[in-house]
Amino acid sequence: MTSSARPYLNRRLAEFGTTIFAEMSALAVATGSINLGQGFPDTDGPEEIREAAVRALRDGRGNQYPPGPGVPELRNAITAHQQRRYGLTYDPDTEVLVTAGATEAIAATLLALLEPGDEVVALEPYYDSYAASIAMAGGRRVPVTLRPDAGRFTLDLDELRATVTDRTRLLLINTPHNPTGTVLTRAELAAIAELAVERDLLVVTDEVYEHLVFDDAEHIPLATFPGMRERTVTIGSAGKTFSFTGWKVGWVTAAPELVSAVRSAKQYLTFVSAGPFQYAVAEALALPESYYDGFRRDMGARRDLLATGLTEAGFEVFRPAGTYFVTADIRPLGEKDGFAFCRALPERAGVVAIPNAVFYDDREAGAPFVRFAFCKKEEVLREAAERLRGM
């Protein structure tokens, strides 16, 4: 290759290197640390759902290409779930699309709906694939920053309204919110819906943590608000709800013309995926309410265990209302650089966390915050808390 050759990676993706999750997970292995960085459980989900996947494999269901929109059993289960929990009615044949996890759903949706130069307003800090997907679609991301206030990260609705311009194509909303754990309130969601209708915006709403809300928090799908069903693409996932993140089964629910658009992009990404697992997830979505109640109680107890340990170790802790992540402020420890803190933490305490600054365009705004995952066994969380207290 000559010295004048251009870089292999195109300009749209040049800012995205190896993800911080890969870096920190490798550091956890190299140092023998407890990995509270990447958000995946260290135990499998319900045994009967795992057995359903085995049964599908043995029965030859899904071992070849499943239908492009997803197997009918899963699409029917998704629509039944949305109706039962939220009163949202969708046609399983025209208003549901099964994807390779929520990450593909996000990418396919943005690739389908954005034209080059379109602006996407997203809540900052944001899941890292949002920025990459917007870039791949040729869009321009415009962050609205959630800021700490009275123990939670809050959305400034006036700032949100001021950020929308004539170039804004869609709003990208995530609730329950990763990484802050904020669950948007009914009043906040109503204001977002009013803005979307007023400015004729599309809305993509990432609700993969819909079943992980704690205390008095309530998850309310944006599509339930007046004027929103026809303009909202709702993204869900089995991985977080049933603790089978490796299966990569996600979905989109939306009006037929929106699902058709997303399917046009999705068919050239993975085409189809996770055939046998789709049948198992269909059974999972039909689990009784007792499963979801127990899941929330269990994760809530783990949240409390880790949050208490972090507080006792000297962090300022933002107790999450949802997800399975705790955000902590390192400034009470005399620290201010989350990157440096997280890279040193494995040697100092044998624990891995993620610097929240990777989820911000404004790196300074996220600099003092770090994220810990509590979707781990209680004994692992206790050991991590003990190590951090002795730091």
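A: Helices (H or I, at least four residues) and strands (E, at least two) are DSSP runs, numbered from the N terminus. Axes are lines fitted to C-alpha atoms, for helices over the stretch in contact, and angles run from 0 to 180 degrees between N-to-C directions. Contact means heavy atoms within 4.5 Å. In this predicted model, local features need pLDDT of at least 70 and side-chain atom pairs count only at pLDDT 80 or more, while totals for chains, interfaces and linings use all residues. Residues are numbered from 1 along each chain as its sequence is written, and side-chain values use heavy atoms, with hydrogens and water left out.

Q: Which strands does helix H3 lie across?

A: Helix H3 (residues 72-86) lies across E2 and strand E10 (250-253). Its direction is at about 115° to E2.

Q: What is the order of the strands in the open sheet?

A: Strands of a sheet pair through backbone hydrogen bonds, either parallel or antiparallel. Two strands count as paired if DSSP finds at least two bridges between them. Here seven strands form an open sheet in the order E2-E10-E9-E8-E7-E3-E4, and the pairing is mixed. Strand E2 (96-99) and strand E4 (140-145) are the edge strands, each pairing on one side only. On average, neighbouring strands of this sheet are turned by 20° against each other, direction ignored.

Q: How many bridges join strand E8 to strand E9?

A: Four bridges join strand E8 (residues 202-206) to strand E9 (residues 232-237), and the two run parallel. Val204 stands opposite Val233 in E9.

Q: Which residues of helix H9 are buried, and why are they on the same side?

A: An α-helix has 3.6 residues a turn, so residues three or four places apart point the same way. A residue is buried under 20% relative accessible area, exposed over 50%, and partly exposed in between (1.4 Å probe, protein chains only). In helix H9 (residues 256-266), the buried residues are Leu258, Val259, Val262, Ala265 and Lys266. They are on the same side of H9 because they cover an arc of only 120° around the axis, the arc being that of the directions from the helix axis to the C-beta atoms. The buried residues of H9 pack against E2, helix H4 (101-113), E8, E9 and E10.

Q: Which residues touch the most other members of the largest nonpolar core?

A: A nonpolar core is a set of buried Ala, Val, Leu, Ile, Met, Phe, Trp, Tyr and Cys residues joined through side-chain atoms within 4.5 Å. The largest one has 123 residues, and Phe315 and Phe372 touch the most other members. Helix H11 (residues 289-312) gives the largest share of this core, eight residues. Among the residues that Phe372 touches, not counting those up to four places away in sequence, are Leu36, Leu306, Phe315, Tyr324 and Leu388.

Q: Is Lys336 buried or exposed?

A: Lys336 is exposed, with a relative accessible area of 66%. Lys336 is found in the loop between strand E12 (325-329) and helix H12 (338-349). Leaving aside neighbours within four places in sequence, Lys336 is in contact with Ile330, Ala367 and Pro368.

Q: Which peptide bond joins Thr175 and Pro176?

A: Most residues other than glycine have a negative phi, and most peptide bonds are trans. The bond joining Thr175 and Pro176 is cis, with omega about -10°. The peptide bond from Asn178 to Pro179 is cis, with omega near 20°. Pro176 is found in the loop between strand E7 (168-174) and helix H7 (186-199).
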